[in-house]
Amino acid sequence: MKRSADPMTRNRLDHAMLQQAADWYARLQAPGTDADTLAAWRDWHAQGEMQRQAWHYVERVGQRFATLRQEGDDARQTLESARRAERSRRQVLRSLSVLCSGALLGWATWRAVPLPGLLVAWRADYRSATGEIREIALADGSRVWLNGASALDVDYRNDVRQLYLLDGEVLIETARDDRPFVVETAQGWLLALGTRFSVRMHDERTLLNVFEGAVQVHPRDGGQQQVLPAGRQVTFDHAHIGTSRPASSQRQSWRKGILLADDITLGELVGELQRHHRGYLGVAPDIAGLRVMGTYPLNDSEQALAMLERVLPIRVRRPLPWWTTLEAREVD
């Protein structure tokens, strides 16, 4: 079988350092930035590799979402001046910065939501944009739905119907056909046994939810196999299958643009929103464990964040139009 593209490891970044970098970026964009501010930014930037990586990360986000920026000529000149000054002072670190940007390693203690769309395989047969839920009719009559920022390859042959989930999430309704229906992820293979099910790649694991029929799970590097019946879900990696649990209705409600939070953590909810939010979206570690219930719109992430801000002890911070973080609300 063809192996699917290995997904990039989900980044784990330090919230405080990223927020510092975003705040500095916003200050440098402000018209009339003075020499003292620029010097203070240089001092902060020179403190260590974590500061440089955080700054480079924020710059990359800004470049991706340039259409959301509202910067004038003064801001662009300030940033360019800062870059020239920094390059002249530390050319030797330029190559290191490029190398580090691809990994962003695991410097840290919290899971930042990855940039929407960055991990999508752009050459896939089918892909969805950030915020897009795409329905696809396959040649055999099967139907699939791609969640936001997802990618899928399809390979129908005389002896097999095979899908390759490259990134994100897919909901599948299989049509009757004598050929086996197989879904492959980086972690293994799933054989559909006449069914409706969803497959999600997340944090180097695959999450399977079965709503009708059954699905047989085959981890890529393990001898273990399991048939999962309707009404159950399971997570597996390349070698092991976890313990099954009741299926989550959220894993199919997103098809209708609904984020159904049934006593999940705020961190998990933000993880759902990130594929439908244009820009960076993060949550501070001290509030990521808050429990959330309710129904939220996937097609309007700003409304969803406003709803969360009304019912939870949190605040939404936007130092830049394309940089949003959830933090604890200050108590008076």
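In which loop is Ala-149 found? Ala-149 sits in the loop between β3 and β4 (151–156), and we'll come back to it below. What you're looking at is a predicted model, where local features need pLDDT of at least 70, side-chain atom pairs count only at pLDDT 80 or more, and totals for chains, interfaces and linings use all residues. Residues are numbered from 1 along each chain as its sequence is written, and side-chain values use heavy atoms, with hydrogens and water left out. The helices (H or I, at least four residues) and strands (E, at least two) are DSSP runs, numbered from the N terminus.

**Strands around β6**

- Let's start with strand β6 (residues 169–173): 4 of its 5 residues are buried, so the strand is largely enclosed by the rest of the structure. Here, buried means under 20% relative accessible area, exposed means over 50%, and partly exposed is in between (1.4 Å probe, protein chains only).
- Two strands pair if DSSP finds at least two bridges between them. β6 pairs with strand β3 (residues 143–146) in the antiparallel sense, over 4 bridges, and Glu-173 in β6 is the bridge partner of Arg-143.
- β6 is also joined to strand β9 (residues 196–202) by 5 bridges, and these two run antiparallel. Leu-171 stands opposite Ser-198 in β9.
- β3 has strand β2 (residues 134–137) as an antiparallel partner too, through 4 bridges.

**The seven-strand sheet**

- There's an open sheet of 7 strands with mixed pairing, in the order β1-β4-β5-β7-β8-β11-β12.
- At its edges stand β1 and β12 (226–229), each with a single partner strand, so one side of each is left without a neighbour in the sheet.
- β1 runs antiparallel to β4, with 2 bridges joining them, and Tyr-126 stands opposite Leu-152 in β4.
- As a bit of background, strands of a sheet pair through backbone hydrogen bonds, either parallel or antiparallel.

**Two loops that meet**

- Ser-128 has its place in the loop between β1 (126–127) and β2. Buried or exposed? Ser-128 is buried, with a relative accessible area of 6%.
- The C-alpha atoms of Ser-128 and Gly-148 are separated by 5.7 Å, while the two residues are 20 apart along the chain.
- Contact means heavy atoms within 4.5 Å. Leaving aside neighbours within four places in sequence, Ser-128 is in contact with Arg-134, Leu-146, Asn-147, Gly-148, Ala-149 and Ser-150.
- That brings us back to Ala-149, which has a phi near 50°, a positive value in a residue other than glycine. Ala-149 is buried, with a relative accessible area of 1%.

**Nonpolar cores**

- A nonpolar core is a set of buried Ala, Val, Leu, Ile, Met, Phe, Trp, Tyr and Cys residues joined through side-chain atoms within 4.5 Å. The largest one has 26 residues, and those with the most contacts inside it are Leu-266, Leu-269, Leu-273, Val-292, Tyr-296, Leu-308 and Leu-326.
- At least two residues of this core come from each of β15 (258–265), α7 (266–273), β16 (280–283), β17 (291–297), α8 (301–311) and β18 (314–320).
- Another core lies apart from it and has 25 residues, among them Leu-163, Leu-208, Val-215 and Val-234.
- Leaving aside neighbours within four places in sequence, the contacts of Val-292 include Asp-263, Leu-266, Leu-269 and Leu-308.
- Asp-263 lies in strand β15 and has a phi near 60°, a positive value in a residue other than glycine. Asp-263 is partly exposed, with a relative accessible area of 39%.

**Helices α7 and α8**

- 6 of the 8 residues of α7 are buried, so this helix is largely enclosed by the rest of the structure. The buried residues are Leu-266, Leu-269, Val-270, Gly-271, Glu-272 and Leu-273.
- The axes of α7 and α8 come within 11 Å and cross at roughly 165°. Axes are lines fitted to C-alpha atoms, for helices over the stretch in contact, and angles run from 0 to 180 degrees between N-to-C directions.
- The two helices are therefore roughly antiparallel to each other. Angles under 35 degrees count as roughly parallel, over 145 as roughly antiparallel, 65 to 115 as roughly perpendicular and the rest as oblique.
- Leu-266, Leu-269 and Leu-273 of α7 make the contact with Ser-301, Ala-304, Leu-305 and Leu-308 of α8.
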